[in-house]
Amino acid sequence: MDTHDALLSIAIDLTASLAAGDRYARLLTAVRRALPCDAAAVLRLVGDELVPLAVHGLAPEVLGRHFPRREHPRLEVVVASAAPVHFPADSPLPDPFDGLLLADPGARTAVHACLGLPLLEEEHVVGVLTADALQPGAFDGLEERALRLLGALAGAAVAVAERISATERASERHRRVARDLQRDAAVHGSQILGTSAAMERVRREIDLVAPSDFSVLITGETGVGKELVARAIHAASRRREEALIYVNCAALPEAIAESELFGHVRGAFTGANVDRAGKFEVADRGTLFLDEVGELPPALQPKLLRALQQGEIQRVGADRRLLVDVRVIAATNRELPAEVAAGRFRADLYHRLAMYPLHVPPLRERREDIALLAGHFLDLYRRRLGLGPVRLTEGARGALATASWPGNVRELDHLLGRAVLRASAAAHGDGAILLDALQLQLPDDATPRAEAGQAVLAPGATRTLAAAVDDFKRQCIRQAVAQHAGNWAAAARALGLQRSNLHHQAQRLGLLPAASRRGEVAASLQKR
């Protein structure tokens, strides 16, 4: 008997990187070296049952069985004991493995030496180790101290193996969830709806640039679907099996923006208690989507440029650089050339990001897609709310077609979601969405058709009020632009508008001819 070597082997295996099955097999090998047995088994306690993890010298079907404690009194005695248990040859308690020993198949009385060890972890029983021998008295003379140590080490081995298995199962689950989410985004989240010539152009450009590793700068107004285009590019790229990592640059506090993108080492700053990988490292071999890239802090722009040009990043507080293989797709609703001219955005970074520029048109420039998009959103919200068929009335359909849509597709999405919710509680209950349920602001030159039971104001009254509103809007825009010395971006922020929307409003109100340059218009506005 080589008890000390067996115990040492178990102790060494506790720190080894082993799969659960290998760990249990090595544990049984060590047990057989320590104990003169013909059969041995390691069982884990799960609730009120003992589940075999590994066996030696027993019929293979043992691994497929569970052993309830109440049905197997010997196992119950071992579980209830804090010390090794020797069962005498004349014990009246039935042996759970009678007739299952390979050394004497079919025999029910041949097992004369039986030993049970409770497997302990921090004084809690986690399982049972059993040993059986055909030779009576095979376990006589074994040191109880050595047996206790064997039980403790075997218990620790089982606990470690179970933790590793649980971690592996959780990791596999998370990996599958992430893969499924990515597949779902590729199948559903990258669907670009629309049959207009403008959207066909966008699709052609996606098909052209996706297989390359070019950096792509997606431009367009708020709500046009820039993220959707980015996902479509990634889904059609050679990196589609890897991660698409999203970063909202506008939501990055300047104090931690560098850490978020490039990571940090422990102690780099207050609160940096552990090393942490940044978004570039996480996106290695995949795609990094930088949304609202025009909001990136100026101090971070040269480091982003280096990452784009050389594939090198450096964690905050680190003294060495890391190489990453990342494709960058950026998006913005800002006019970056104007930001470059104003000194707020690096010209070299802009040109690097805009290796392939891709513009997504606003909804008002592809009105023929509105009906298709409306049908998609109506069906989406109908299913979410558990409703039957939902339809638009003719007036509601006309209102959608003539609206100005400053919020673009996102505005259409949210508006129809609210409309479906209201229609679900409406008295008519036929699934129709009336014009009032849309609560849609129409252009001044659009007169909606009246639904049954609805009144529409006389055209003269509507135009008079609209003219007054337009005069007020002109006055507000003139004052805001004048107060900010012709800076349209600052004026838009003061008015609570996106700059592109302010330009659209100014053009509609006759304040901003499409062909005019910003400086000329600002000067003319100040003279009015």
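1. In which sense do strand β1 and strand β2 pair, and over how many bridges? The answer for this predicted model is antiparallel, over seven bridges. Strand β1 spans residues 39–46 and strand β2 spans residues 49–56. Within this pairing, leucine 45 has leucine 50 in β2 as its bridge partner.

2. β1 and β2 belong to an open sheet of six strands. The order is β3-β2-β1-β6-β5-β4, and the pairing is antiparallel. The edges are β3 (67–68) and β4 (85–87). Each has a single partner strand, so one side of each lacks a neighbour in the sheet.

3. Another open sheet has five strands, with parallel pairing. Read across, the order is β8-β9-β12-β7-β13. β8 (244–248) and β13 are its edge strands, each pairing on one side only. Neighbouring strands here are turned by 20° against each other on average, direction ignored.

4. Strand β7 (residues 216–219) pairs with β13 in the parallel sense, over four bridges. Leucine 217 has proline 357 in β13 as its bridge partner. Helix α5 (residues 197–209) packs on the sheet and touches β7, β12 and β13. The direction of α5 makes about 155° with that of β13. Isoleucine 218 stands opposite leucine 358 in β13.

5. Which residues of β13 lie on its covered face, and which on its uncovered one? Tyr356 and Leu358 are on the covered face of the strand, residues 356–359. Pro357 and His359 make up the uncovered face.

6. Helix α9 (residues 301–310) has a buried set: Gln301, Leu304, Leu305, Ala307 and Leu308. These residues cover an arc of only 160° around the axis, which puts them on the same side of α9. Their cover includes the helices α7 (257–262), α8 (279–282) and α11 (347–353). It also includes the strands β9 (287–291), β10 (312–313) and β12 (327–332). Just after α9, glycine 311 takes a positive phi of about 65°.

7. The largest nonpolar core has 31 residues. Leu261, Phe280, Leu288, Leu290, Val328 and Leu353 have the most contacts inside it. Two or more residues come from each of β8, α7, β9, α9, β12 and α11. The largest share is that of α9, with four residues. In soluble globular proteins, nonpolar side chains tend to be buried together.

8. What does leucine 353 touch, leaving aside its neighbours within four places in sequence? Its contacts are Ser215, Val216, Leu217, Val293, Leu308, Val328, Ala330 and Phe345. A second, separate core has 28 residues, among them Ala54, Val126, Leu129 and Ala138.

9. There are three aromatic pairs in the structure. In one of them, the ring centres of phenylalanine 67 and phenylalanine 97 are 5.6 Å apart and the planes are at 75°, so the pair is edge-to-face. The cut-off for that class is over 60 degrees. Phenylalanine 67 is in strand β3, while phenylalanine 97 is in the loop between β4 and β5 (113–121).

10. Why does the pair of phenylalanine 262 and phenylalanine 280 count as stacked? The centres are 5.4 Å apart and the planes are at 20°, and stacked requires planes under 30 degrees apart. This pair also links distant parts of the chain: phenylalanine 262 is in helix α7 and phenylalanine 280 in helix α8, 18 residues apart. Both phenylalanine 262 and phenylalanine 280 are buried.

11. Helix α18 (residues 499–508) is largely enclosed by the rest of the structure, because seven of its ten residues are buried. The buried ones are Arg499, Ser500, Asn501, Leu502, His503, His504 and Ala506.

12. Finally, glycine 407. This residue is found in the loop between α13 (394–402) and α14 (408–424). Glycine 407 is partly exposed, with a relative accessible area of 22%; buried would mean under 20%. Not counting residues up to four places away in sequence, glycine 407 touches Thr222 and Gly223. Leucine 363 is 44 residues from glycine 407 in sequence, and the C-alpha to C-alpha distance is 8.6 Å.

Methods: Residues are numbered from 1 along each chain as its sequence is written. This is a predicted model: local features need pLDDT of at least 70, side-chain atom pairs count only at pLDDT 80 or more; totals for chains, interfaces and linings use all residues. Side-chain values use heavy atoms; hydrogens and water are left out. Buried means under 20% relative accessible area, exposed over 50%, partly exposed in between (1.4 Å probe, protein chains only). Two strands pair if DSSP finds at least two bridges between them. The arc is that of the directions from the helix axis to the C-beta atoms. Contact means heavy atoms within 4.5 Å. Axes are lines fitted to C-alpha atoms, for helices over the stretch in contact, and angles run from 0 to 180 degrees between N-to-C directions. Rings of Phe, Tyr and Trp (its six-membered ring) pair if their centres lie within 6.5 Å; planes under 30 degrees apart count as stacked, over 60 as edge-to-face and the rest as tilted. A nonpolar core is a set of buried Ala, Val, Leu, Ile, Met, Phe, Trp, Tyr and Cys residues joined through side-chain atoms within 4.5 Å.
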